[in-house]
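This report covers the pocket, the nonpolar cores, the salt bridges and some backbone details of one structure.

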Amino acid sequence: VSAQAARNIIAQRIKDAEREQVLTEYLSRNNGIIIGKIRKIERGNVIVDCGKVEAIIMKPDLISKEVLKPGDVIKGFFDKAEPIIKNGRLSISRASTGFLAKLLENNVPEIANARIEIKSIARDAGNRSKVAVISHDQRIDAKGAVIGFRNQRIESVTKELFGEKVDVIEYSDDLAQFALNALAPAEISSLVVDEEKRSIYVIVDYDKLGSAIGPDESNVRLESKLINCTINIFGKTEAKDKKQHERADLIAMFNEALDVDDDISELLIDNGFTSLEEVAYVNVSELLVIQDFDADVAKELQERARNKLLSKTILFKDKMDVLAEGLANVVKFSRDVLLQLVENNITSIDDFADLSGDELMDMISIDSETANKLILKAREVCGYFQE
């Protein structure tokens, strides 16, 4: 019995070693795109025969609406940087951004030889994708080269993606210009960039609002992902109402906090002040440039703002301490940030975890990517993902 058990173990290890050797040799010759023939479909997952090895495409990694059947030749992307092997099969994807990047590289020689670079990709597999590209050769038009003569290159990619539309966008280091390129051909009336919060506010004619946002907000969602900013699109009437409402709220806040009248509050707002912290800690010279403000007025306003912030800190100290302790394993915020959260009724890690990225960005100065990462980490700490 012992000899038979040893024999089985040795045989299994030899088999595993042979499989490992075949995989290593196969992957060393592979550029990331796996090609094979569909052997069977199990519970929505596709098993692909690639010759010496097998691959599997899990259901979430397939292109939506794609119709497949045994015997079809199919391509998929295998990520060598983060390889996944399930039961000896390579896990490949047709829905990943990596697959689209490799298809573009194979169809556009300028990308393969690094004269054109793909800066970012946002993809809704099976529906629409957006690709930002930049040329490192002044003689080459990046967007035109990727699209190709009579759209031949991009249509080859679209055909492989089961009709998925691929928009090619010129990348720019200027965030505002990059956003304009991403939003084209929408007609933009005005665009304001908040680099600190990584937010972009766009105003369009009301009759153009639907096409700019896209069905089910697909356009604005992909554009936000492509440029790594939150894009907020408003019609002119809606934007005007929103601006008036925000201005009224700021006037009321300054009136109450600084014990001043509407005229002084409006002067502060007109000169770019939007929070009590800005008034309290800005260099006094920035207050002195405001018409009718002298040194005594500026000093008095800063003193009132600081006293108000101090009284709030004392009032909410216990809640701030509880929140800081709860978030200790997620992030360490300054007292000013903790105060802003507590003022918005975020008093525990559970409250924080229940926020969306946009809601957190409205409360504190933070970019979209960081906001979403912190909220995700808080949810993990709170056990959201435990079975």
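The largest pocket is lined by 39 residues, and Asp 194, Lys 197, Tyr 201, Glu 246 and Thr 274 lie nearest its centre. A pocket here is an open set of points on a 1 Å grid over the protein atoms alone, where a 1.4 Å probe fits, with protein on both sides within 12 Å along at least five of seven lines; lining residues have an atom within 4 Å of a point. The model is predicted: local features need pLDDT of at least 70 and side-chain atom pairs count only at pLDDT 80 or more, while totals for chains, interfaces and linings use all residues. Residues are numbered from 1 along each chain as its sequence is written, and side-chain values use heavy atoms, with hydrogens and water left out.

**Pocket**

The space in the largest pocket comes to about 2,000 Å³, a volume being the space filled by probe spheres set on the grid points, which are joined across faces, edges and corners. Two or more lining residues come from each of strand E10 (188-194), strand E11 (199-204), strand E12 (230-235), helix H9 (236-258), helix H11 (276-281), helix H13 (295-315), helix H15 (335-343) and helix H17 (357-363). Helices (H or I, at least four residues) and strands (E, at least two) are DSSP runs, numbered from the N terminus. Helix H9 gives the most to the lining, with nine residues.

By class, the lining of the largest pocket has 15 nonpolar, 10 polar and 14 charged residues. In this count Ala, Val, Leu, Ile, Met, Phe, Trp, Tyr, Cys and Pro are nonpolar, Asp, Glu, Lys and Arg are charged, and the others, Gly among them, are polar.

**Nonpolar cores**

The largest nonpolar core has 45 residues, and those with the most contacts inside it are Leu 268, Phe 333, Leu 341, Phe 352 and Leu 360. Such a core is a set of buried Ala, Val, Leu, Ile, Met, Phe, Trp, Tyr and Cys residues joined through side-chain atoms within 4.5 Å. Buried means under 20% relative accessible area, exposed over 50%, and partly exposed in between (1.4 Å probe, protein chains only).

Leaving aside residues up to four places away in sequence, Phe 333 touches Leu 327, Leu 338, Leu 341, Phe 352, Ile 364 and Leu 374, a contact being heavy atoms within 4.5 Å. A second, separate core of 22 residues includes Ile 116, Ile 121, Ala 145 and Leu 161.

**Salt bridges**

A search of the whole structure finds 20 salt bridges, each a side-chain nitrogen of Lys or Arg within 4 Å of a carboxyl oxygen of Asp or Glu.

| Salt bridge | N to O distance |
|---|---|
| Glu 105 and Lys 102 | 3.6 Å |
| Glu 110 and Arg 153 | 3.0 Å |
| Arg 304 and Glu 300 | 2.9 Å |

Glu 105 and Lys 102 both lie in helix H2 (residues 97-107), three residues apart, or about one turn of the helix. Glu 105 is partly exposed at 28% relative accessibility, whereas Lys 102 is buried at 17%.

Glu 110 belongs to helix H3 (residues 109-112) and Arg 153 to helix H5 (residues 152-160), so their pair ties together parts that are 43 residues apart in sequence. Glu 110 is buried, with a relative accessible area of 14%, and Arg 153 is partly exposed at 24%.

Arg 304 and Glu 300 both lie in helix H13, four residues apart, about one turn of the helix. Arg 304 is partly exposed at 31%, as is Glu 300 at 35%. Elsewhere, salt bridges that share partners join Arg 128, Lys 130, Asp 167 and Glu 223 into one network.

**Backbone and separations**

Most residues other than glycine have a negative phi. Asn 228, in the loop between H8 and E12, has a positive phi near 60° and is partly exposed at 32%. Asn 345, in the loop between H15 and helix H16 (349-353), has a positive phi of about 65° and is exposed at 62%.

Ser 218 lies in helix H8 (residues 218-227) and is buried at 15% relative accessibility. The C-alpha atoms of Ser 218 and Glu 277 are separated by 37 Å, the two residues being 59 apart along the chain. Val 322, in helix H14 (residues 317-326), is partly exposed at 49%. Between the C-alpha atoms of Val 322 and Gly 88, 234 residues apart along the chain, the separation is 49 Å.
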